[in-house]
Amino acid sequence: MKNILYIITILILASSCEDVINPDLIEAEPILVVDAWVNNKDEAQNIFLTRTQPYFENVFPEKVPNATVYIEDSEGNRFDFIENDSAYTWQPVNGQVFGVTGRQYLLTVETDNEVFVSATQMGRSPEIDSIKFTYEEADDFFMTDYYIAEFVARDFDGIGDTYWIQASKNGQFLNKPNEINVAYDAGFSRGGNVDGVVFIQPIQNGVNPFDEDPENDNQFLPPYTINDELYVEIISISEPAFFFLNEVIIQTDRAGGFGALFAQPLANVSTNIFPADESSDTEVLGFFNVGAVTTRRQVLTPEIADAAQREAAEE
């Protein structure tokens, strides 16, 4: 367990001094961005339409107004997303949920006299068997004793299932670039020969935050302490969405200083959204995915913490 943790933390520690520069950049025309990640949870589903903005414009992009947004499934059902202050939203009625595993979905966005479309299929998501906490004594990276979390779930039989594992600690979504945790079957990539088995250990441990304490020489804070709550979701994603998220990791989780010289150049990530008119040369960014979601929640109670300490002492 500690060897795995050391590898993860060493990667995070890679950093160096940087000089701040403000180059003059060529101003580009704004591009439509469609953020359409919807799922089958019993809650409102949102699609966000914005436009790209200058690199140094440090404000949240505004919503594109007056668009028509809807999704149709392969059974002929239509789901209209209604404009509100920040997004376009579909509200479930009478216990209705969005999405059926195996069904095809077509997104349509009409704005500025142009139509954009995207198609995907909703995959399947395995049940989460358990969430476990392991006790570790203070070491070179953590000044105090701490607990490491892991979830246990088994990939379905059949090659090609892809997932996004999301975690929240005490209600705070872990959304840093190095916290994006995706899986192809039960491993990291296609062809890993890990179909139909329990997720590999690094993916199980991918639900741990590794935050630094600036008041103590940037020592790592314990991932979990007593009474912390961990909430885990496994969301089915399409294979193109799996590759999209890997591109996001590459483009956002970047080393500074000398290491940046060897990093992959900055570039827009791929998209599965296109103009309906194939002759159009209008650019569009973003992604559309319909996911099935399984969840599990666990609090690190004093009783669970004591059991973890006893188990560590017996090893």
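**View 1. Aromatic pairs come to a count of 18 in this predicted model.** Rings of Phe, Tyr and Trp (its six-membered ring) are paired here if their centres lie within 6.5 Å; planes under 30 degrees apart are called stacked, over 60 edge-to-face, and the rest tilted. Helices (H or I, at least four residues) and strands (E, at least two) are DSSP runs, numbered from the N terminus. Phe-210 and Phe-220 are both buried, meaning under 20% relative accessible area, while exposed is over 50% and partly exposed in between (1.4 Å probe, protein chains only).

**View 2. Five rings form one aromatic cluster.** Look here for Phe-79, Phe-81, Trp-90, Phe-98 and Tyr-105.

**View 3. Here are charges over rings.** The term applies if NZ of Lys or CZ of Arg is within 6 Å of the ring centre and within 35 degrees of the ring normal. Arg-78 lies over the face of Tyr-70, 3.6 Å from the ring centre. The charged end of Lys-63 sits over the ring of Tyr-88, at 6.0 Å from its centre.

**View 4. Gln-204 is found in helix α2 (residues 201–204).** Gln-204 is buried, with a relative accessible area of 5%. Neighbours within four places in sequence aside, Gln-204 is in contact (heavy atoms within 4.5 Å) with residues including Ala-149, Phe-151 and Val-198.

**Notes.** Residues are numbered from 1 along each chain as its sequence is written, and side-chain values use heavy atoms, with hydrogens and water left out. In this predicted model, local features need pLDDT of at least 70 and side-chain atom pairs count only at pLDDT 80 or more, while totals for chains, interfaces and linings use all residues.
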